[in-house]
Amino acid sequence: MSTLSIAQRLNKSWRIIATAGCFSLFGLGALLLTFMIFPLISLLTPNHQQREIKVQSTIQRTFNFFCRTMRFLKVIDYRFDNLIALKEDKHSLIVANHPSLIDYVLIASQLPQCDCLVKASIWRNPFIKGIVKAAGYIPNRDPESLLESCNQRLQQGNVLLIFPEGTRTTAAKTPKLQRGAAQIAIRSQVNIRVVHITVSPSFLTKEQKWYQVPDKKPFFLIEIKNKISIESYLKEHSSPTTAARQLNKHLASTLFPTDV
């Protein structure tokens with residue numbers, strides 16, 4: 001039986017309504033970007049690389065507005081620790097855990113330039129596919145072309161965001177990292193910036209519907225950790241495959257220190 005007070009129940013009801021409003025705003029914003037803003041950018045910016053930079057910068061400002069709106073409406077609250085380090089990163093891989101639906105939105109809201117490795121199903125989402133296509137995000141499909149595309153972006157000095165779990169964390173299961181992020185880092189010879197996200201109480205997880213809001217307002221803590229240098233892995237292991245395997249083990253222990 002619920003022990004919430006009347007004030008707490010009203011607050012929770014408001015957050016359900018506000019969450020619905022925020023998701024509607026996100027959908028409308030995505031359609032506006034896809035069918036109006038991005039075509040205009042394409043028309044005015046014929047250079048492919050410059051066009052992607054402008055699109056990603058627009059995404060950053062839009063996502064920042066969306067996150068601030070969620071905070072203003074008291075749907076969530078959030079804090080970035082060591083954000084300056086993340087903003088100063090160039091030519092590096094950003095690797096983050098993935099507890100909730102809006103992890104990418106929170107991180108991208110702070111980075112004017114941020115390439116992203118996107119699972120194939122996102123390219124079929126009517127609200128998102130226009131954004132990821134215009135931004136030049138990399139689809140997680142063929143391994144060889146994937147490595148080549150990631151290396152090309154990183155050698156341009158870009159930052160590339162990857163969620164190595166491949167999907168949102170399942171609470172009942174021990175997180176298991178795919179080796180793609182480690183392979184990209186080793187083969188492209190770039191260091192890894194680790195970002196650790198916690199949300200309490202849990203919200204927008206893989207097992208929850210959007211309307212299943214917790215009794216208390218969720219708080220997101222986005223911790224920007226130190227970089228993992230790949231130099232020692234390259235020196236200690238002559239095989240890139242072995243180096244990537246060992247790097248992936250260390251990455252897992254860094255992202256999930258209590259679970260590994």
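Author: In α7, the residues A181, A182, I184, A185, I186 and S188 are buried. The model is a predicted one.

Reader: How should I read a list of buried positions in a helix?

Author: An α-helix has 3.6 residues a turn, so residues three or four places apart point the same way. In this structure, A181, I184, A185 and S188 are among the buried residues of α7.

Reader: Which elements do the buried residues of α7 pack against?

Author: They pack against the strands β2 (92-96), β5 (159-162) and β6 (192-200), and against the helices α6 (143-155), α8 (231-236) and α9.

Reader: At what angle do the axes of α7 and α9 cross?

Author: The axes of α7 (residues 180-188) and α9 (residues 240-255) cross at roughly 125° and come within 8 Å. That angle makes α7 oblique to α9. The crossing is right-handed. On the α7 side, the contact is made by A181, A182, Q183, A185, I186 and R187; on the α9 side, by P240, T241, A243, A244, L247, N248 and L251. Nine of these residues are nonpolar, three are polar and one is charged.

Reader: What follows α7?

Author: Q189 does, with a positive phi near 55°.

Reader: What does Q110 touch?

Author: Beyond its neighbours within four places in sequence, Q110 is in contact with Q60, N64, F80, L83 and K87. The side chain of Q110 also makes a polar contact with the side chain of S109, at 3.2 Å.

Methods. Residues are numbered from 1 along each chain as its sequence is written. This is a predicted model: local features need pLDDT of at least 70, side-chain atom pairs count only at pLDDT 80 or more; totals for chains, interfaces and linings use all residues. Side-chain values use heavy atoms; hydrogens and water are left out. Axes are lines fitted to C-alpha atoms, for helices over the stretch in contact, and angles run from 0 to 180 degrees between N-to-C directions. Helices (H or I, at least four residues) and strands (E, at least two) are DSSP runs, numbered from the N terminus. Angles under 35 degrees count as roughly parallel, over 145 as roughly antiparallel, 65 to 115 as roughly perpendicular and the rest as oblique. A crossing is left-handed if the near helix is turned anticlockwise from the far one by less than a right angle, and right-handed if clockwise. Contact means heavy atoms within 4.5 Å. Ala, Val, Leu, Ile, Met, Phe, Trp, Tyr, Cys and Pro count as nonpolar, Asp, Glu, Lys and Arg as charged, and the others, Gly among them, as polar. A polar contact is a pair of N or O atoms within 3.5 Å; within protein, one must be able to donate a hydrogen and the other to accept it, and residues adjacent in sequence count only if both atoms are side-chain atoms. Buried means under 20% relative accessible area, exposed over 50%, partly exposed in between (1.4 Å probe, protein chains only).
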